[in-house]
Amino acid sequence: MAIQNYAEHGAFAPRKIVEALRTTSDELARSLGLGKDAIQRKDRIASDRTQRRIRQMVEVLNKVEPRFGSALLAYAWYRSEPLPGFSGQTAMQLVQGNRADDVLTYIDAVDAGIHA
């Protein structure tokens, strides 16, 4: 998921992400821990909170996509695979709780051969 492919006018465009991940805007909003208005209304899409949460999800997906071979499989992992050491929470749940940095650190540790 190249970031520039999912942006419009200097901001993330949820519509482009929905198309790339073959999902719905409702599902994307749930994956981000936001209400559907946050990714459908122009004023809410531009908000710092919405843009930050989208950026966090895209960063996580970008980091794991090479491992899975596609953005779709990376998105499935993001939503469903419990991460060891995080009380069974998924990457999605951690991003929703503003812990994207923890997810990225975990992925880097696994890539470095450290069992997290």
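Apart from residues within four places in sequence, Ile-39 contacts Pro-14, Ser-25, Leu-28, Ala-29, Leu-32, Ile-45 and Thr-50. The model in which these contacts are found is predicted. Ile-39 belongs to the loop that joins H2 to helix H3 (42-45). With a relative accessible area of 6%, Ile-39 is buried, since residues under 20% are classed in this way. Between the C-alpha atoms of Ile-39 and Glu-27 the separation is 11 Å, and the two residues lie 12 residues apart along the chain.

Leu-28, one of the contacts of Ile-39, is also touched by Val-18. Val-18 is a residue of helix H1, and its relative accessible area of 13% places it among buried residues. Beyond its neighbours within four places in sequence, Val-18 contacts Thr-23, Thr-24, Ser-25 and Leu-28. The C-alpha atoms of Val-18 and Leu-28 are 6.8 Å apart, with a sequence separation of 10 residues.

The largest nonpolar core contains 33 residues, and the members that touch the most others are Ile-17, Met-57, Val-60, Trp-77, Tyr-78, Leu-83 and Val-103. Two or more residues of this core come from each of helix H1 (14-21), helix H2 (25-32), helix H4 (48-68), helix H5 (71-80), helix H6 (91-96) and helix H7 (100-111). The largest contribution, six residues, is that of H4. For Val-60, the contacts beyond four places in sequence are Trp-77, Tyr-78, Ala-91, Val-95, Val-103, Leu-104 and Ile-107.

The packing of helices is described next. Two packed helices are characterised by the angle between their axes and by the distance between the axes. For H1 and H4 the angle is about 30 degrees and the axes are 12 Å apart. Because angles under 35 degrees count as roughly parallel, H1 and H4 are assigned to that class. The crossing of H1 past H4 is left-handed. On the H1 side the contact consists of Pro-14, Ile-17 and Leu-21, and on the H4 side of Ile-54, Met-57, Val-58 and Leu-61. By residue class, this contact of H1 with H4 has seven nonpolar, no polar and no charged residues. Ile-17 and Met-57 are among the core residues that touch the most other members.

H4 supplies Met-57, Val-60, Leu-61, Val-64, Glu-65 and Phe-68, which meet Ala-71, Leu-73, Ala-74, Tyr-75, Trp-77 and Tyr-78 of H5. The residues of the contact between H4 and H5 comprise 11 nonpolar, no polar and one charged. Met-57 and Leu-61 take part here as well as in the contact of H4 with H1. Asn-62 is likewise a residue of H4; at 26% relative accessibility, Asn-62 is partly exposed.

Glu-27, Leu-28 and Ser-31 of H2 meet Tyr-75, Tyr-78 and Arg-79 of H5. The contact of H2 with H5 is made up of three nonpolar, one polar and two charged residues. Tyr-75 and Tyr-78 are also found in the contact of H5 with H4.

Backbone geometry was examined last. Most residues other than glycine have a negative phi. His-9 has a positive phi, near 55 degrees, and is not a glycine. The position of His-9 is in the loop between strand E1 (7-8) and strand E2 (11-12), and its relative accessible area of 82% makes it exposed. Arg-22, also a residue other than glycine, has a positive phi of about 50 degrees. Arg-22 lies in the loop between H1 and H2 and is exposed, at 69% relative accessibility.

Methods: Residues numbered from 1 in each chain as written. Predicted model: local features only at pLDDT ≥ 70, side-chain atom pairs only at ≥ 80, totals over all residues. Heavy atoms only, no water. Core = buried A, V, L, I, M, F, W, Y, C linked by side-chain atoms within 4.5 Å. Buried < 20%, exposed > 50% of the residue type's maximum accessible area, 1.4 Å probe, protein only. Helix = DSSP H or I, 4+ residues; strand = E, 2+ residues; numbered from the N terminus. Contact = heavy atoms within 4.5 Å. Axes fitted to C-alpha atoms, helices over the stretch in contact; angles between N-to-C directions. Parallel < 35°, antiparallel > 145°, perpendicular 65-115°, else oblique. Left-handed = near helix turned anticlockwise from the far one by under 90°. Nonpolar A, V, L, I, M, F, W, Y, C, P; charged D, E, K, R; others polar.
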